[in-house]
Amino acid sequence: MKELEKILEILDQQYGDYRAMRALGMEQRACLEREDIGGLEASFVRIQKLMDRIRLRQEELPPLDKQQPDIRQRCDKLKNIILEIQDLRQFNQ
């Protein structure tokens with residue numbers, strides 16, 4: 001059970017960082033609209049830090065049993081927010 005708790009905690013942390021990344025994407029949109037290059041560059045740096053944390057955490061995860069309902073639910077949430085971020089990036093480009 002302890003391993004499951006650790007996995008769920010990591011997945012929740014991943015989700016938190018992806019939410020922060022989505023918020024930064026919205027911030028980037030605002031920077032683009034007002035032509036704020038400095039703000040845009042600062043948001044890119046923060047996104048890169050989030051991506052680094054996500055990658056490091058991903059390496060801690062053992063293989064996931066997506067038949068386990070709590071894991072499946074969190075993976076679905078992660079998939080949805082990643083798709084939102086991708087849509088936002090495409091819009092910003």
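**Notebook: rings, helices and cysteines**

I looked for aromatic pairs and the structure holds 0 of them. The model is a predicted one, and I read every entry below with that in mind.

Tyr15 came next. I found Lys77 over the face of the Tyr15 ring, at 4.3 Å from the ring centre.

I then checked the length of helix H1, residues 2–33. Its 32 residues should span 46 Å at 1.5 Å a residue, and the end C-alpha atoms are 47 Å apart, so the two values agree. Just after H1, I noted that Glu35 has a positive phi of about 55 degrees.

Leu40 took up the next entry. I placed Leu40 in helix H2, which covers residues 37–60. Is Leu40 buried or exposed? I count Leu40 as buried because its relative accessibility is 13%, below the 20% limit. Leaving out residues up to four places away in sequence, I listed Gln28, Cys31 and Leu32 as the residues that Leu40 touches. I also took the separation of Leu40 from Gln13: the two are 27 residues apart along the chain, and their C-alpha atoms are 25 Å apart.

I have Cys31 as buried, with a relative accessible area of 2%. Cys75 also counts as buried, because its relative accessibility is 14%. How many disulfides are there? With sulfur atoms required to lie within 2.5 Å, I get a count of 0 disulfides.

How values were computed: Residues are numbered from 1 along each chain as its sequence is written. This is a predicted model: local features need pLDDT of at least 70, side-chain atom pairs count only at pLDDT 80 or more; totals for chains, interfaces and linings use all residues. Side-chain values use heavy atoms; hydrogens and water are left out. Helices (H or I, at least four residues) and strands (E, at least two) are DSSP runs, numbered from the N terminus. Buried means under 20% relative accessible area, exposed over 50%, partly exposed in between (1.4 Å probe, protein chains only). Contact means heavy atoms within 4.5 Å. Rings of Phe, Tyr and Trp (its six-membered ring) pair if their centres lie within 6.5 Å; planes under 30 degrees apart count as stacked, over 60 as edge-to-face and the rest as tilted. A charge sits over a ring if NZ of Lys or CZ of Arg is within 6 Å of the ring centre and within 35 degrees of the ring normal. The expected span of a helix is 1.5 Å times one less than its number of residues.
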